[in-house]
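Subject: Handover of a structure

Dear colleague,

Please find the structure below, together with its sequence. My notes on what was found in it follow directly after.

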Amino acid sequence: MSPRAACRLAELGFEEVYDYAPGKVDWLARGLPTEAPQRERRAGDVARDDVATCTADERIGDVRARVESSPYGFALVLSAEGCLLGRLRKRALDGEEDRTAQEAMEPGPSTVRAHEPLEALLERLRDRDLTSAVVTDPEGRLIGIVRRGP
Amino acid sequence: MPHAVDYPRLRELLDSGAQLVEVLPEQEYEEEHLPGAINIPLKTLDAASTAQLDKRRAVVVYCWDGL
């Protein structure tokens, strides 16, 4: 719809017309605020940014201590731009200290978008006996972690 | 010729005072819309409904996902 609207505006004499092609769904997926009188809670509303993170070239030994002081039993490996590259679970963290995060990580962990309905997400986590979900934006950058309660 | 933009460019345009228009049907707009957006559904987009816009300022339109 928006490409046609943009063309229509140009035909009507508007001089500077832009089409935000990724649209409302892109905005929502970034967890950005909206004007909405009533809406259900979403993953982005409760995502926490307290997970341990590291870069790909960090030593496992250096990351281990960071994870021990976090609420989670894993660390997320991020690029310099904050893009999610992988996850380091306990088994990897217990490994050889001098291995790099990139060598030890599980690449490409599953993620959800910020606009995902929270209740459906929590139910899915319960069904799969998972305790958390990683929330990223459309560019794969980490937004945070949704934790399932007891 | 209209230009397709992604989020970073949208942010620049909005910060520079661009007008933002959601072209989805009214009900979808009422349920939720981007901050500061006005609603001109595509089906009603004409000279009369766009008279409220300033032709000399940038206008950004959006729908659900550009389709």
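Chain B exposes about 3700 Å², and carbon and sulfur atoms supply 52% of that area. Accessible areas here come from the Shrake-Rupley method with a 1.4 Å probe, and for residues only the protein chains shown count as cover.

Before going further, please note that this is a predicted model, in which local features need pLDDT of at least 70 and side-chain atom pairs count only at pLDDT 80 or more, while totals for chains, interfaces and linings use all residues. Residues are numbered from 1 along each chain as its sequence is written, chains are lettered from A and ligands numbered from 1 in the order in which they are written, and side-chain values use heavy atoms, with hydrogens and water left out.

Chain B

The secondary structure of chain B consists of two helices and four strands, where helices (H or I, at least four residues) and strands (E, at least two) are DSSP runs numbered from the N terminus. Along the sequence they follow the pattern β-α-β-α-β-β. The radius of gyration of chain B is 12 Å, close to the 11 Å that the globule rule gives for 67 residues, so chain B is as compact as a globular protein of that length. This radius is taken over C-alpha atoms, and the globule rule is 2.2 Å times the number of residues to the power 0.38. Taken along the principal axes, the C-alpha atoms of chain B fill a box of roughly 30 × 25 × 20 Å.

Buried residues make up 46% of the 67 residues in chain B; buried means under 20% relative accessible area, exposed over 50%, and partly exposed in between (1.4 Å probe, protein chains only). Of the contacts in chain B with a separation of 6 or more, 42% are between residues 24 or more positions apart, a contact being heavy atoms within 4.5 Å.

Chain B carries 6 positive and 12 negative side chains, and the centres of the two sets lie 11 Å apart. In this count Lys and Arg are positive and Asp and Glu negative, while His and the chain ends are not counted; the place of a charge is NZ of Lys, CZ of Arg, CG of Asp or CD of Glu.

Chain A

Chain A has seven helices and seven strands, in the order α-β-α-α-β-α-β-β-α-α-β-α-β-β. Its radius of gyration is 20 Å, well over the 15 Å that the globule rule gives for 150 residues, so chain A is more spread out than a compact globule. The box filled by its C-alpha atoms is roughly 65 × 35 × 20 Å along the principal axes.

Of the 150 residues of chain A, 43% count as buried. Residues 24 or more positions apart account for 52% of the contacts in chain A with a separation of 6 or more. Chain A exposes about 8000 Å², of which carbon and sulfur atoms supply 45%. There are 23 positive and 28 negative side chains in chain A, with the centres of the two sets 6 Å apart.

Salt bridges

Side chains of opposite charge can pair when their charged atoms come close. A salt bridge is a side-chain nitrogen of Lys or Arg within 4 Å of a carboxyl oxygen of Asp or Glu, and a search of the whole structure finds 21 of them over all chains.

In chain A, A:R141 forms a salt bridge with A:D137, with the closest N and O atoms 3.2 Å apart. A:R141 is partly exposed at 32% relative accessible area, whereas A:D137 is buried at 8%. A:R141 also meets A:E139 in a salt bridge (3.3 Å, N to O), and A:E139 is partly exposed at 39%. These residues belong to a network of salt bridges that links A:D26, A:R30, A:D137, A:E139 and A:R141.

In chain B, B:R56 pairs with B:D54 in a salt bridge, their closest N and O atoms being 3.2 Å apart. B:R56 is exposed at 68% relative accessibility, and B:D54 is partly exposed at 21%.

Two further residues

A:A10 lies in helix α1 (residues 2–11) of chain A and is partly exposed at 28% relative accessible area. Leaving aside residues up to four places away in sequence, A:A10 touches A:V17 and B:P2.

A:D129 sits in the loop between α7 (118–127) and β6 (132–136) of chain A and is exposed at 62%. A:D129 has a positive phi of about 55° although it is not a glycine. Most residues other than glycine have a negative phi.

Yours sincerely
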